[in-house]
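Here are my notes on the model you sent over. Have it open while you read.

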Amino acid sequence: MNSEVQTCKCLAWSPDPTTPHLLAAGLPNGRVVLTSFRDSVSFSSVNSISKEFIPRNSRSCNALAWNPVYHNELAAGLGKVRCDFSTLVWDVNQSSGTSLA
């Protein structure tokens, strides 16, 4: 996929027809990265990480799902930590990787 991503726990293809080559990858440290397998207007090069979302506490990202209606929303299911949410929802169109939940 990308040389910057060593291990991937889960993947989710974007349902947005305007970005059919957009892929979200969940990592063991809880980070979620967006990458593309094709050049497009929104990505500077093929196979580059375009955006990274980081939870407050490091824990495994076990599941990813795109919202089928609002294609800019991505949910991540994370391992439980006592004082933190286990499901985070991000708006991938935001300039920073901030959580909606």
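Where does Arg59 lie? Before I get to that: this is a predicted model, where local features need pLDDT of at least 70, side-chain atom pairs count only at pLDDT 80 or more, and totals for chains, interfaces and linings use all residues. Residues are numbered from 1 along each chain as its sequence is written, and side-chain values use heavy atoms, with hydrogens and water left out.

1. Arg59 sits in the loop between strand 4 (49–53) and strand 5 (61–66); strands here are DSSP runs (E, at least two residues), numbered from the N terminus. Arg59 is buried, at 6% relative accessible area (buried means under 20%, exposed over 50%, partly exposed in between; 1.4 Å probe, protein chains only). Leaving out residues up to four places away in sequence, Arg59 touches, among others, Pro28, Asn29, Leu78, Asp84 and Phe85 (contact: heavy atoms within 4.5 Å).

2. Now the salt bridge (a side-chain nitrogen of Lys or Arg within 4 Å of a carboxyl oxygen of Asp or Glu). The count comes to 1. The side chains of Glu52 and Arg31 form a salt bridge at 3.3 Å, N to O. That pair links distant parts of the chain, 21 residues apart: Glu52 is in strand 4, and Arg31 is in the loop between strand 2 and strand 3 (32–36). Glu52 is partly exposed at 35%, and Arg31 is partly exposed at 29%.

3. Have a look at Asp16 too, in the loop between strand 1 (10–13) and strand 2 (22–26). Asp16 counts as buried, at 19% relative accessibility. C-alpha to C-alpha, Asp16 and Pro68 are 8.3 Å apart in space, but 52 residues apart in sequence.

Terms used
Helices (H or I, at least four residues) and strands (E, at least two) are DSSP runs, numbered from the N terminus.
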